[in-house]
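Here is a short walk through one protein chain. Keep the sequence and the 3D view side by side as you read.

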Amino acid sequence: MPTDPNARATVVVPGHGTVVVSPDVASLRLGVVVVRPTAGEAREAAAATMTAVVDALLAGGIERRDLRTSLVSLDAVRDYSSERGPQVTGYQLSNTIEATVRRLESAGALIDAALAAGATSMDGLSFRVADPREPLAEARRLAVADARSRAETLAAEAGLTLGRVVEIVEGGLAGPRPPMPMAELRMKSAADTTTPVEAGTDELAVSLTVTYAVD
């Protein structure tokens, strides 16, 4: 294919920007699992326990708008050891709730209160930044600066003059990104010791591609 004599030469470079942030919101996932002879008894027992867990979270400062039920399930419990085949021996009801913790310093006490109220599982604890717009804007600025530095080096080495920006394409969050902010939950056996929770830090990263004209 012939080259268009009017086409302007360009250089295309990637840019990456990363900002370290301190999370200010935690998401806590707590569950209640009960097994009873009948489905009705399982429902009643689970409802009473989860109500106590919710009351404990509310008393600890969680607002009701920050509580959300994420799972309610009922399953038959079967015994497979009988020669007559599987036999239903009871019913298991699982109820899971997610709480958004906006005061991180209260996370440990909330965990303790929920467990004391009857929660039987805690299978999720994560951290995030409530409003990531400003750190993401800074990451974009760093990504643009990184792209320009790359383009200037390439143009200089090739004996070209770097011109204006022709196109910018943002690729979103760049990797590697931690699968979870560095969260640490350490359970202690002393009854009068609050569970320590450390939010650590996370990284917000942006990748983009910039096309520059060169002469």
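This is a predicted model: local features need pLDDT of at least 70, side-chain atom pairs count only at pLDDT 80 or more; totals for chains, interfaces and linings use all residues.

Take the chain as a whole. It has 215 residues, and 33% of them count as buried. The accessible surface of the protein chain comes to about 12,700 Å². Carbon and sulfur atoms own 52% of that surface. Now look at the contacts between residues with a separation of 6 or more. Residues 24 or more positions apart account for 80% of them.

Next, find the four-stranded sheet. Strands of a sheet pair through backbone hydrogen bonds, and they may run parallel or antiparallel. Here the sheet is open, and its order is β3-β4-β2-β5. The pairing is antiparallel. Strands β3 and β5 (121-128) are the edge strands, because each pairs on one side only. Neighbouring strands of this sheet are turned against each other by 15 degrees on average, direction ignored. Helix α1, residues 39-59, packs on the sheet. Helix α1 touches β2, β3 and β4. The direction of α1 makes about 155 degrees with that of β2.

Look at how the strands are joined. Strand β4 covers residues 87-101, and strand β2 covers residues 25-36. The two run antiparallel, and 11 bridges join them. Within this pair, Arg-29 stands opposite Glu-98 in β4. Strand β3, residues 67-79, also runs antiparallel to β4, with 12 bridges between them. There, Asp-79 stands opposite Gln-87 in β4.

Which residues are linked with Arg-29 in a network of salt bridges? The network consists of Arg-29, Arg-68, Glu-98 and Asp-123. Recall that Arg-29 and Glu-98 also stand opposite each other in the sheet.

Follow the chain past β4. Glu-105 has its place in the loop between β4 and α2. Is Glu-105 buried or exposed? Its relative accessible area is 64%, so Glu-105 counts as exposed, the cut-off being over 50%. Glu-105 forms a salt bridge with Arg-103, and their closest N and O atoms are 3.6 Å apart. Arg-103 is partly exposed, at 42% relative accessibility. Glu-105 and Glu-198 are 93 residues apart along the chain. Even so, a separation of 9.0 Å is found between their C-alpha atoms.

Gly-118 follows α2, and its phi is positive, near 125 degrees.

How many salt bridges does the structure hold? There are 13. One of them brings together the side chains of Arg-65 and Asp-66, at 3.8 Å from N to O. Arg-65 counts as exposed, at 59% relative accessibility. Asp-66 is buried, with a relative accessible area of 7%.

A further salt bridge joins the side chains of Glu-170 and Arg-140, at 3.1 Å from N to O. Glu-170 lies in strand β6 (residues 162-173), while Arg-140 lies in helix α3 (residues 133-157), so the pair ties together parts that are 30 residues apart in sequence. Glu-170 is partly exposed, at 41% relative accessibility. Arg-140 is partly exposed as well, with a relative accessible area of 34%.

Now go back over the view. Start at the open sheet, in the order β3-β4-β2-β5. Find helix α1, which packs on it. Finish at the salt bridge between Glu-170 and Arg-140.

Terms used. Residues are numbered from 1 along each chain as its sequence is written. Side-chain values use heavy atoms; hydrogens and water are left out. Buried means under 20% relative accessible area, exposed over 50%, partly exposed in between (1.4 Å probe, protein chains only). Contact means heavy atoms within 4.5 Å. Accessible areas come from the Shrake-Rupley method with a 1.4 Å probe; for residues, only the protein chains shown count as cover. Axes are lines fitted to C-alpha atoms, for helices over the stretch in contact, and angles run from 0 to 180 degrees between N-to-C directions. A salt bridge is a side-chain nitrogen of Lys or Arg within 4 Å of a carboxyl oxygen of Asp or Glu.
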